[in-house]
Amino acid sequence: MTAVQTIGRIFLAFLEIVGQVAVFTIVAVTHCLRPPLYFRLIGRQMMEIGYYSLPVIALTTLFAGMVLALQSYTGFARNSVGAESAIAEIVVLSITRELGPVLAGLMVAARVGSSIAAEIGTMRVTEQIDALVTLSTNPFKYLVAPRVIAGVVTLPLLIIIGDIIGVFGGYIVSIYKLGFNPTLYLKTSWDKLYFVDVNTGLVKAAVFGFVVTLMGCYQGYHSRGGAQGVGAATINSVVSSSILILILNYLISAMFFGT
Amino acid sequence: MTVPKIHLKGVCKRFGPKVVLDGVDLDIMPGESVVIIGGSGSGKSVTLKCILGLLMPDAGEIEIDGESVVGIGARARERINAKIGMLFQGAALFDSLTVWENAAFGLIAGKGMSRREAKEIALEKLALVGLDEKFAMMSPADLSGGMRKRVGLARAIAIEPEIIFFDEPTTGIDPIMGDIINELIVKCTEETGATTLTITHDMASARKISDRIAMLYKGKIVWVGPTGDIDRADNAVVQQFIHGRAEGPIEMELRRL
C-alpha cells in the first residue's frame with residue numbers, strides 16, 4: 001500500500017467519525033428540546049453530575065486559588081512591584097475567567113464523563129440498549145437527554161461555587177501567609193471583577209457540561225466488544241472531552257476577550 | 001388466506017465482506033410458535049434484530065401484520081415494537097432498577113402508566129413466572145441466571161405483546177432451570193395467545209416449545225416443517241444438526257486438522 005493510500009484511508013476514517021459525532025449530537029439535541037422529558041431521570045442525573053462532584057471541584061479550585069496567590073507573590077516580590085492589589089486581581093480574574101471552568105471541566109470529564117461512558121457502554125454490550133428499544137423507549141430520550149440536560153444545567157452552578165472557593169483559597173494564602181490586609185484584599189477582588197468575567201466562565205461551564213456528557217454518551221453508545229470495548233470507550237470519552245474542553249476554552253476566551 | 005403475523009422475504013444482511021443473511025424467507029402465522037435453529041454464527045440473532053429494527057437489512061422485505069417495517073421512522077417503530085416483547089439471551093435487565101421496576105418498565109416508560117398501577121401488574125406477572133413479592137425490591141445483580149431470565153420473561157409479557165421473541169432462552173442455565181423456563185414459555189404463550197419466534201441451538205428446548213421448526217444455514221432457511229416431522233426430515237444439514245454430529249455437510253469455521 002502506498003503512503004497516499006494510507007493517508008487517504010486515515011483521513012476517510014476521521015471524516016466518518018466526525019460525521020457520526022455530528023449526527024449523534026443533532027439527534028441528542030433534538031431529544032433534549034422535544035418533550036416528553038423524563039424529569040425523574042434528569043433530577044437523578046443532576047444529583048449524580050452536580051451534587052456529587054462538589055467536593056472534587058471545591059478542592060481543585062481551592063488549591064488552584066492558593067497556589068496562584070503564592071506564585072504571583074513570588075513574581076511580584078522579585079520585581080519589587082506593589083503586590084497587594086495586583087494579587088487579588090490576578091486571583092479573581094484567573095479563577096473566574098479560566099481556571100475555574102477549565103479545572104472543573106476537566107475534573108467533571110474524569111469523574112462524570114468516564115462513568116457515563118462506562119455505564120452506557122455496559123448497557124450496550126449487555127443488550128440493555130436493545131432492550132430499551134423493544135420496550136418502546138427511545139435510548140436517546142431515556143439515557144442521553146437526561147445526562148446532557150443535567151450537565152448543561154449543573155456545571156454553571158458548580159462553577160459559581162468553584163469561583164467563590166477559588167477566590168477564598170487566594171484570600172487564605174494572602175492573609176495568613178503573606179500578611180495582607182483582609183478588607184483591602186476583598187475590596188480589590190470585588191472592584192476588579194466585572195460581569196463579563198463571571199459570564200464567560202458560566203458560558204464555558206455550560207459548553208463544557210454539554211461536551212463532557214455528550215462525549216460520554218457517544219462513546220458509550222458506540223462501544224463494541226465486551227469489557228475491553230467498554231474500557232476503550234471510557235478512555236476515549238475522557239481524552240476526547242478533555243481535548244475539546246481545552247480547545248473550546250481558547251475559542252470562547254478569544255471570542256469574549258480577543259479584540 | 002390469513003395475513004401472516006410476521007413475513008420475511010429475501011432478507012439479506014452483510015457485514016463488510018461477510019454475508020450473514022442471504023435471502024431468508026419465512027412466514028409466521030398468528031398464534032403460532034416457530035423456532036429457528038442453527039449453529040453459532042448462522043445469522044439467527046441477526047434475523048431477530050432485523051425484525052426488531054435494531055439492524056437494517058440490505059435487501060428484502062419484512063412485514064408485521066401485513067405492514068412493511070423496513071426503514072420506517074422512529075415513531076412508527078415504537079408503535080410496532082409496542083406489539084412485541086423480547087426475552088434477551090442474557091436477560092438484559094436494567095441493573096439500575098429493582099426487579100419490579102424492570103418488570104414494569106414497558107408499562108411505565110413505554111406506555112406512560114402510573115407507577116402504582118404498573119407495580120400491581122408487574123407483581124402479577126412476576127408471580128406468573130414464579131417470583132413472589134420478596135424478590136420485587138431486589139436488584140437484578142443479586143439474582144442467579146435462571147432468576148434473571150424469569151424477570152426478563154415477566155418484563156416481556158407485562159406489556160401483553162402480540163408477538164414474543166425468545167433469544168436463546170435456555171442458554172447458560174442448568175438443564176432443570178432450562179426446562180422450567182421452557183414450561184413457562186409454553187404456559188405464557190398459551191395464556192396470552194401470542195405469536196412467538198424463538199432462536200436456539202438447544203434441540204430439547206426447540207422440540208418442547210415449537211409448533212414448527214426452521215433450520216437456518218449459510219444465511220438461508222434450508223428446511224422448515226412441523227416439529228413432529230423433523231426427525232424424518234430428508235435434509236442432511238438438519239439431520240447432522242439435530243443429532244449433533246461433528247461429521248457432515250455443515251462445516252464449522254475452523255481450520256481442518
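Predicted model: local features only at pLDDT ≥ 70, side-chain atom pairs only at ≥ 80, totals over all residues.
## Chain A: overall build

Chain A is built from nine helices and has zero strands. Along the principal axes, the C-alpha atoms of chain A fill a box of roughly 65 × 55 × 35 Å.

Chain A has 259 residues, and 46% of them count as buried. Among the contacts in chain A with a separation of 6 or more, 88% are between residues 24 or more positions apart.

## Two packed helices in chain A

Helix α1 (residues 3–33) of chain A packs against helix α6 (residues 139–177) of chain A. The angle between them is about 85°, and their axes are 9 Å apart. Because of that angle, α1(A) is roughly perpendicular to α6(A).

From α1(A), the contact is made by A:Val27, A:Ala28, A:His31 and A:Cys32. From α6(A), the residues are A:Phe140, A:Lys141, A:Val144, A:Ala145, A:Val148 and A:Ile149. Sorted by class, the contact of α1(A) with α6(A) has eight nonpolar residues, one polar residue and one charged residue.

## The largest nonpolar core

The largest nonpolar core has 134 residues. Those that touch the most other members are A:Val91, A:Val148, A:Cys217, B:Ala103, B:Ala104 and B:Leu126. Helix α4 (residues 84–125) of chain A supplies the largest share of this core, with 18 residues.

A:Val148 is also one of the residues through which α6(A) meets α1(A). Leaving aside residues up to four places away in sequence, B:Ala104 touches B:Ala118, B:Lys119, B:Ile121, B:Ala122 and B:Ala158.

Strand β3 (residues 33–37) of chain B runs parallel to β8(B) and is joined to it by five bridges. In this region, B:Ser33 has B:Thr196 of β8(B) as its bridge partner. Strand β7 (residues 163–167) of chain B is likewise parallel to β8(B), again with five bridges. Here B:Asp167 has B:Ile199 of β8(B) as its bridge partner.

## An antiparallel open sheet in chain B

Four strands of chain B form an open sheet in the order β2-β1-β4-β5, with antiparallel pairing. The edges are β2 (18–28) and β5 of chain B; each has a single partner strand, so one side of each is left without a neighbour in the sheet.

β4(B) and β5(B) pair in the antiparallel sense over two bridges. Within this region, B:Ile64 stands opposite B:Glu67 in β5(B).

## Loop residues with positive phi

B:Asp65 is found in the loop between β4 (59–64) and β5 (67–68) of chain B. B:Asp65 has a positive phi of about 50° although it is not a glycine. This residue is partly exposed, with 16 other C-beta atoms within 10 Å.

B:Lys218 lies in the loop between β9 (212–217) and β10 (220–226) of chain B. B:Lys218 is a residue other than glycine, and its phi is positive, near 50°. With 16 C-beta neighbours inside 10 Å, B:Lys218 counts as partly exposed.

## A buried arginine

B:Arg148 lies in helix α6 (residues 145–158) of chain B. B:Arg148 counts as buried because it has 22 C-beta neighbours inside 10 Å, where 20 or more are required.

The C-alpha atoms of B:Arg148 and B:Gly90 are separated by 8.1 Å, although the two residues are 58 residues apart along the chain. Not counting residues up to four places away in sequence, B:Arg148 touches B:Ala91, B:Leu93, B:Pro140 and B:Leu143.

Conventions: Residues numbered from 1 in each chain as written. Chains lettered and ligands numbered in written order. Axes fitted to C-alpha atoms, helices over the stretch in contact; angles between N-to-C directions. Parallel < 35°, antiparallel > 145°, perpendicular 65-115°, else oblique. Contact = placed C-beta atoms within 7 Å. Nonpolar A, V, L, I, M, F, W, Y, C, P; charged D, E, K, R; others polar. Buried ≥ 20, exposed ≤ 12 C-beta atoms within 10 Å, placed from the backbone. Core = buried A, V, L, I, M, F, W, Y, C linked by C-beta atoms within 7 Å. Pairing = 2+ DSSP bridges.
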